[in-house]
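Please read this briefing with the sequence and the 3D structure open.

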Amino acid sequence: GIVLYLHNRKSASNTLFFFISISTVCWSIANYFSLQPGDPIAILKWVRLVLFFATPHAILFLLFINNFPADKLLLSRLKRWLAAVIGLVTMMITLTPYVFSRMMVSNQGLAPMPGPLMPLFGLVVFGSLIMGLVLMIMKYRTAVPSERLKWEFMLFGIFLSYFLIILTNFVFVILFDNPMFNVFGPLFMLPAIIGMGYAIVRHQLLNVKIITTEIFVFLILSVSVI
């Protein structure tokens, strides 16, 4: 996200992808700490933060698909405000007992109990993801043959990631009280991030080898700092 943003800071699509990457990192960190043994109250706070960061990720994904491959932001000011309000309200709700009320003991250990506003969170997040997928399929079908490869790559990566995330981090947790697969959440996000990043690289005719080298250098520097 940082590498592609620095290559073209004026592109709205690159900027949206950058913020998607940031929200994914925050979501991954919260997901990690939510799975560590400890005080149930502290774990519950981290579990709520998982949903907190999942909200902007889903909304930004929809905005990215709507905007890509344009460099200029296509949304009107009204729609931007509407997306921001819906996102902020949903994020605030995820931090309350109305989405996850408490932690309970299950066969797999501690598991969060859904609250009365969990359907609202599901509507916003899953609605954004589904709308983004439908919009992406429509753009793929209307794309010229030379442009379809980048959409195919992105469609496959995104579908694979969100199918695994929804199945393991939501369906298993909500319906079966089984959070054991949540640890793989950050790994499941890689296909989507790679798919979107590759589509940007192909659209902007950037050198894949140069981008890959820059990413590896950035990762090495990050690990060195840690």
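The points below go through the helix pairs, the nonpolar core and some individual residues.

This is a predicted model, in which local features need pLDDT of at least 70 and side-chain atom pairs count only at pLDDT 80 or more, while totals for chains, interfaces and linings use all residues. Residues are numbered from 1 along each chain as its sequence is written, and side-chain values use heavy atoms, with hydrogens and water left out. Helices (H or I, at least four residues) and strands (E, at least two) are DSSP runs, numbered from the N terminus.

**Helix pairs**

- Two packed helices are described by the angle between their axes and the distance between the axes.
- Helix H2 (residues 12–34) and helix H3 (residues 40–67) have axes that come within 8 Å and cross at roughly 160°. Axes here are lines fitted to C-alpha atoms, for helices over the stretch in contact, and angles run from 0 to 180 degrees between N-to-C directions.
- That angle makes H2 roughly antiparallel to H3. Angles under 35 degrees count as roughly parallel, over 145 as roughly antiparallel, 65 to 115 as roughly perpendicular and the rest as oblique.
- The H2 and H3 crossing is left-handed, a term used if the near helix is turned anticlockwise from the far one by less than a right angle, with right-handed used if clockwise.
- In the contact of H2 with H3 there are 21 nonpolar residues, seven polar residues and no charged ones. Ala, Val, Leu, Ile, Met, Phe, Trp, Tyr, Cys and Pro count as nonpolar, Asp, Glu, Lys and Arg as charged, and the others, Gly among them, as polar.
- For H6 and H7, the axes come within 8 Å and the crossing angle is roughly 165°. H6 and H7 are therefore roughly antiparallel to each other.
- The crossing of H6 and H7 is left-handed, and the contact of H6 with H7 is made up of 17 nonpolar, seven polar and two charged residues.

**Nonpolar core**

- The largest nonpolar core has 50 residues, of which Phe-64, Met-154, Ile-158 and Met-196 touch the most other members. Such a core is a set of buried Ala, Val, Leu, Ile, Met, Phe, Trp, Tyr and Cys residues joined through side-chain atoms within 4.5 Å.
- Two or more residues of this core come from each of helix H1 (2–7), H2, H3, helix H4 (77–94), strand E1 (100–106), helix H5 (118–142), helix H6 (148–176) and helix H7 (185–203). H3 gives the largest share, 13 residues.
- Met-154 is in contact (heavy atoms within 4.5 Å) with Phe-64, Ile-65, Phe-68, Met-136, Gly-195, Met-196 and Ala-199, leaving aside neighbours within four places in sequence.
- Phe-68 is joined to Pro-69 by a cis peptide bond, with omega near 10°. Pro-69 sits in the loop between H3 and H4.

- Thr-94 belongs to helix H4 and is buried, at a relative accessible area of 1%. Buried means under 20% relative accessible area, exposed over 50% and partly exposed in between (1.4 Å probe, protein chains only).
- Not counting residues up to four places away in sequence, Thr-94 touches Arg-48, Leu-51, Phe-52, Thr-55, Val-99 and Phe-121.
- Thr-55, in helix H3, is also buried, with a relative accessible area of 0%.
- With neighbours within four places in sequence left aside, the contacts of Thr-55 are Gly-87, Thr-90, Met-91, Thr-94, Phe-121 and Val-125.

**Valines and a loop tyrosine**

- Val-183 lies in the loop between H6 and H7 and is partly exposed, at 49% relative accessibility.
- Between Val-183 and Ser-28, 155 residues apart along the chain, the C-alpha separation is 9.2 Å. Val-183 touches Asn-31 and Leu-35, not counting residues up to four places away in sequence.
- Tyr-98 is in the loop between H4 and E1 and is partly exposed, with a relative accessible area of 48%.
- Tyr-98 and Pro-116 are 18 residues apart along the chain, with their C-alpha atoms separated by 5.5 Å. Not counting residues up to four places away in sequence, Tyr-98 touches Gly-115, Pro-116, Leu-117 and Met-118.
- Val-47, in helix H3, is buried, with a relative accessible area of 11%. Val-47 touches Ser-34, Phe-100 and Pro-112, not counting residues up to four places away in sequence.
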